[in-house]
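Here is a short briefing for a first look. Please keep the sequence and the 3D view open while you read.

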Amino acid sequence: MQKEKFDQSLLAIEDSLYRYAYSLVYNQDDAKDLLQETFVKALSNKDKFEDGTNLSAWTFTIMKNTFYSNYQKQRHAPFTATQANDLRVLNVADDSKLLPESEIFEQELEKGIQQIEEDQRVPFQMYNEGYKYQEIAEKLDTSIGTIKTRIYMCRRKLMDNLREFQN
C-alpha cells in the first residue's frame, strides 16, 4: 500500500479507533494516549501490513494488544506513593483515622481468606499479588485448569462469607 493511501486509510478510521479505545479505558485522556500509541505502532510497522488485508482489523488488533500489554505492565508495577495516597484519601474519614466500617470490613475479609483451605487460598493470594495463572501453576506444580478452579472456588467462598457479614 502506498504511504499516502495508508495514512489516509488510517485517518479514516480514527474516530472508530478512538471509540474502541474509550471502551477499553473509560477515560478520555487515556483513550487519546492509547489511540496515539496505536497510530505510532501502526505507522512504524506499516511495512508489515499486507496489501489486500483489512487495515481496520489490523489496527484494532494493534490497539487491543497495546491495551493488554499496558494493563499487564500496570498490574506488575510496584505500588507507588501516589497510589497509596489516593487509597488513603478514599478510605480515610479525616487525616488520622480510618472509617470504622472500612477497618472492620478489611478485618472480616482477611479472616475470611484465612479460613479457606490452603490449596485454594494460596493460588488466590498469588493471583491477587499479580501472578498470572501460568506462573501460579508452574510455582505450585499444578495444571492451569486446577489453578483457575481453585481461585474461582475461593472467590465463591469469600463472596458467601461477605454476604453473611453484610446481613
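Among contacts in the chain with a separation of 6 or more, 58% join residues 24 or more positions apart. The model is predicted. The chain has nine helices and zero strands.

**Overall make-up**
- Along the sequence, the pattern reads α-α-α-α-α-α-α-α-α.
- The chain has 167 residues, and 22% of them count as buried.

**Helix 2 with helix 3**
- Helix 2 spans residues 14-25, and helix 3 spans residues 28-44.
- Their axes come within 8 Å and cross at roughly 125°.
- Helix 2 and helix 3 are therefore oblique to each other.
- On the helix 2 side, the contact uses Glu 14, Leu 17, Tyr 18, Ala 21, Tyr 22, Leu 24 and Val 25.
- On the helix 3 side, it uses Gln 28, Asp 30, Ala 31, Lys 32, Leu 34, Leu 35 and Phe 39.
- By class, the residues of this contact are ten nonpolar, one polar and three charged.

**Helix 1 with helix 3**
- Helix 1 covers residues 3-12. Helix 1 packs against helix 3 at an angle of about 160°, with the axes 11 Å apart.
- That angle makes helix 1 roughly antiparallel to helix 3, because angles over 145 degrees count as roughly antiparallel.
- Helix 1 passes helix 3 in a right-handed crossing.
- Helix 1 contributes Phe 6, Asp 7 and Leu 10 to the contact, and helix 3 contributes Phe 39, Ala 42 and Leu 43.
- This contact of helix 1 with helix 3 has five nonpolar residues, no polar ones and one charged.
- Phe 39 of helix 3 meets helix 2, and Phe 39 is also part of the contact with helix 1.

**Loop residues with positive phi**
- Tyr 26 sits in the loop between helix 2 and helix 3. Its phi is near 55°, a positive value in a residue other than glycine.
- Tyr 26 has a relative accessible area of 64%, so Tyr 26 is exposed, the cut-off being over 50%.
- Asp 141 lies in the loop between helix 8 (133-140) and helix 9 (144-166). Asp 141 is not a glycine, yet its phi is positive, at about 50°.
- Asp 141 counts as exposed, at 72% relative accessibility.

Definitions and conventions. Residues numbered from 1 in each chain as written. Predicted model: local features only at pLDDT ≥ 70, side-chain atom pairs only at ≥ 80, totals over all residues. Heavy atoms only, no water. Axes fitted to C-alpha atoms, helices over the stretch in contact; angles between N-to-C directions. Helix = DSSP H or I, 4+ residues; strand = E, 2+ residues; numbered from the N terminus. Parallel < 35°, antiparallel > 145°, perpendicular 65-115°, else oblique. Contact = heavy atoms within 4.5 Å. Nonpolar A, V, L, I, M, F, W, Y, C, P; charged D, E, K, R; others polar. Buried < 20%, exposed > 50% of the residue type's maximum accessible area, 1.4 Å probe, protein only. Left-handed = near helix turned anticlockwise from the far one by under 90°.
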